[in-house]
Amino acid sequence: MSVPRDAAITIVGGGAVGAAAAYFLARDGRRDIQLLEARGVCEATSSQAAGLVGQARPTVDRARLTMAATQVYRDFERETGYSMDYRECGAVRLALSGTSVAELRQIAATAEVTGLPVEFLSDARLREIYPALERTESVKAALWSPTDGYLQPNSLVSAYLGAARDLGVTVATHAAVTGIEVRDGAVASFSTAAGTFRTEQLIIAAGPWSGALARLAGLELPVVPVLHEYFVTEPVPGWHADLPCLRVPEVQLYARGESDRVLCGGFENAGTSIDPRAVTATAALAARPDWEVLGQFAEAMSAFAPAVAGAGVAATFQGWPAFSPDGRFVVGPVSAVRGLVMAAGCNAHGVSGSAGLAMHLLESLTGDPSPYVRSLSPDRFIPRGWSWEDARREAQAVYENYYPMPVPS
Ligand SMILES: Cc1cc2nc3c(=O)[nH]c(=O)nc-3n(C[C@H](O)[C@H](O)[C@H](O)COP(=O)(O)OP(=O)(O)OC[C@H]3O[C@@H](n4cnc5c(N)ncnc54)[C@H](O)[C@@H]3O)c2cc1C
């Protein structure tokens, strides 16, 4: 394992996003890259993720990006020798009302434009594909996306970092960045307990700590940690790892088989966030299960699979994914500080979106990014024309309305 050093490019954060950034930058031919991680790699938010990878999206930009990212996960082992354990089990999205059916139609129309195979299922076909869903009377429409799936976040991060190391990237763990020196408007160096080191480019990929890292460079960015959690049951008959991923946007619910167990989570209507100003670069962000919230997910799920109600909970997973007030990635160079680059604000899709975010990062560094990638720039929050209270409330609302629903017509 390496130690912090002088380097042309320094990436802060060894979760899914930092690891993806390291691999994509090295693959693009950039040299002298190091990644610094305060803990061990993939020990924070990424380690908690359910790993769902969904390509069916309401907008063409997002759908194309997630399709390209999914192709990366599919091909990674063949191209690099490292497996991300992507399991292409497909996904089913259920609509319980006319409004939600309209959303599925919108997604299907987008899929047609992007070439993603999707299909509306009859009730009989839904039961054939998803026999573990015993109660489907409330389902008004079901959209099947056979090339979706899920991956194991730990495998994802190890695979990116294995391939990045093969391309010369060094990785230093237990190396918390505690200071960033900006001289003449540019990043000059950073500090850790091991000393101060020069760097030309510092990429902040520190998940919920990203705002705190930006503050070390004198910037205020609204990256808001919001609590998210799910549970995994004891074994439930009929459930297995190849069942499709399930999403029920109306009740903000998702589930999948985790071996012979049920993994079930959701996005509750009253989220819990942390004031980003209270998060420091070395803060420990503790997360405990909220049994009331997990109970709501179990109840919603048992409307489709009653066996879930009686199954014991074997494990819970929770963490603080970072949300932005407009629900978009915060990615690209910061104009106010030369050499400072953000790769943050994943809005709870930093695992499935890691390859996409890294692609945006590369594009943002070309000097001529597309209007879409430009729109993700951290510059949209600088200078500060927003209040911390509003930013926190809006970011939390993005969480609470995670599954977008069209306005009823
Ligand atoms: C319960 C749960 C379920 C989820 N399910 C999914 C899912 O199904 N699909 C999906 O795509 N996403 C999911 N997410 C969201 C996903 O986990 C995050 O979007 C993603 O992990 C963000 O990755 P990251 O690398 O930005 O952050 P992290 O994984 O938090 O990595 C940031 C790293 O920066 C390090 N760091 C912090 N400060 C410093 C410092 N000062 N110096 C050096 N290093 C530092 C941290 O130690 C940490 O390892 C889920 C999240 C949770 C909590």
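How do the residues of the shell around the ligand divide into nonpolar, polar and charged? Keep that question in mind as we walk through this predicted model, starting with the ligand and its surroundings.

The ligand is surrounded by 40 residues, and the closest are Glu-37, Arg-39, Thr-45, Ser-46 and Ser-352. Here is the reply to the opening question: 24 residues of this shell are nonpolar, 13 are polar and 3 are charged.

Some contacts can be followed atom by atom. Begin with Thr-45, where an N or O atom of the side chain sits 2.5 Å from an oxygen atom of the ligand. Val-17 takes part through its backbone instead: one of its backbone N or O atoms is 3.0 Å from a ligand oxygen atom. For a nitrogen atom of the ligand, look to Ala-348, which has a polar backbone atom 3.2 Å away. Taken on its own, the ligand has 1000 Å² of accessible area, and the protein covers 98% of that.

Which elements give two or more residues to the shell around the ligand? They are the helices α1 (16–27) and α2 (45–48), together with the strands β13 (228–233) and β17 (313–319).

Let us turn now to empty space inside the protein. Rolling a probe the size of a water molecule over the atoms shows where such space is left. In this model the count is 1 cavity of 30 Å³ or more, and the largest cavity has a volume of about 50 Å³. Its lining is made up of Arg-57, Arg-62, Leu-65, Thr-66, Ala-69, Phe-329, His-349, Ser-352 and Gly-353. By type, the lining of the largest cavity has 3 nonpolar, 4 polar and 2 charged residues.

Finally, the backbone has two details to look for. Most residues other than glycine have a negative phi, and most peptide bonds are trans. Cys-42 is not a glycine, yet its phi is positive, at about 50°. You will find Cys-42 in the loop between β2 (33–36) and α2. The other detail is the peptide bond joining Ile-382 and Pro-383, which is cis, with omega about -5°. Pro-383 belongs to the loop between α11 (371–374) and α12 (388–400).

Conventions: Residues are numbered from 1 along each chain as its sequence is written. This is a predicted model: local features need pLDDT of at least 70, side-chain atom pairs count only at pLDDT 80 or more; totals for chains, interfaces and linings use all residues. Side-chain values use heavy atoms; hydrogens and water are left out. A residue is near a molecule or strand if one of its heavy atoms lies within 4 Å of it. A polar contact is a pair of N or O atoms within 3.5 Å; within protein, one must be able to donate a hydrogen and the other to accept it, and residues adjacent in sequence count only if both atoms are side-chain atoms. Accessible areas come from the Shrake-Rupley method with a 1.4 Å probe; for residues, only the protein chains shown count as cover. Helices (H or I, at least four residues) and strands (E, at least two) are DSSP runs, numbered from the N terminus. Ala, Val, Leu, Ile, Met, Phe, Trp, Tyr, Cys and Pro count as nonpolar, Asp, Glu, Lys and Arg as charged, and the others, Gly among them, as polar. On a 1 Å grid over the protein atoms alone, a cavity is a set of points where a 1.4 Å probe fits but cannot get out, and a pocket is an open set with protein on both sides within 12 Å along at least five of seven lines; lining residues have an atom within 4 Å of a point. Grid points are joined across faces, edges and corners, and a volume is the space filled by probe spheres set on the points.
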